[in-house]
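Morning, everyone. Today I want to walk you through one barrel and its charged pairs. Have a look at the screen.

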Amino acid sequence: MVRWQGSPDAGCRDAMEESLRHRLSVHMRRGCLPLVAGVLFAGALQAQTSPLPKGAETAPDAIRPLIGAWNLEQAGAPRQCTITLGVEQSGQGRQLRFPATCRRALPILGQIMSWSVGGEGELRLHDGAGKAVITLSKSGTGLNGKGTDGQDYLLDPKDHPRSARPVPPSAAERAATAAARPTVVDPAAAPPTDAVPGRYVTMRQQNREGCRLMLEAGVANAPGGAPARFDGRCDDTGLTIFDPVGWRYAAGRLSLVARKGHSVDLVFENGQWRKDPAVGAPLMLRKLAP
């Protein structure tokens, strides 16, 4: 007589199940079962949370609230599937993704290739030819509509993340952005090159004189520029660290060249030179009479 032998895998499974039952029993005796259940439940929630698709934060306002994962459900049936509405163009609309198993749970998904927003704000899930297979409209916190199969469908946002509408910049932020842009200079309205050399006073604030600076005559458009130097002692720490040794002038922009080779640009406004862009510590130059 031959006895039926179970497979080694079955034996392993039995041993693993017995070990798991033993560990759960120990946790129950120790009062740790809520903790174990909490960890398992948290893991399940984490697995169900999908990150926002690439480009969601910069998507157009008309589609941004729709970008991300949704639960698609067939009304009156315990069938649902998580679909993800993406930003990138795909076929006749934008990218739409879902697990392969969704085609069994909701056969209508086998026809759907992409998505778009209609002229009245309705969401259309369409096939490869651009024909709407399911059309949904806003309803409460989700959307509902009808498919070409005659069934009613619901898109439920659940707790999937959404991209928030960007906060408009404040007046201070707008001013800082504008200040960071180089000023457009009309070279025809700027002082001629031969009017630049001379003795200047530096200012960090209007009409509060600081150091004296000499811009000497020379070839102002050469790589190193014409010579520049302090005229006397300078107590401005920032300027002494910068240590101007040259100046250049081109297209209406004056550049002071530091000993280490970097430079700062200035533009001519209201009879004096102003640092441009106006970021960081302010700097102005006013030419002194000979």
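Start at a strand pair. Ala 250 sits opposite Arg 253 in S13. Strands here are DSSP runs of E, at least two residues, and helices are runs of H or I, at least four, all numbered from the N terminus. S12, residues 244-250, and S13, residues 253-258, run antiparallel and are joined by six bridges. Pairing takes at least two DSSP bridges between two strands.

Before I go on, a caution. This is a predicted model, where local features need pLDDT of at least 70, side-chain atom pairs need 80 or more, and totals for chains, interfaces and linings use all residues. Residues count from 1 along each chain as its sequence is written, and side-chain values use heavy atoms, without hydrogens and water.

Now zoom out. Eight strands, S9-S10-S11-S12-S13-S14-S15-S16, form a closed barrel with antiparallel pairing.

Back to Arg 253. What does Arg 253 form a salt bridge with? Asp 276, with the closest N and O atoms 2.6 Å apart. A salt bridge means a Lys or Arg side-chain nitrogen within 4 Å of an Asp or Glu carboxyl oxygen. Asp 276 lies in the loop between S15 and S16, 23 residues from Arg 253. Arg 253 is buried at 17% relative accessibility, and Asp 276 is buried at 4%. Buried is under 20% relative accessible area, exposed over 50%, partly exposed in between, using a 1.4 Å probe and protein chains only.

Next pair. Asp 236 bridges to Arg 204 at 2.8 Å between the closest N and O atoms. Asp 236 is in the loop between S11 and H5 and Arg 204 is in S9, so the pair ties together parts 32 residues apart in sequence.
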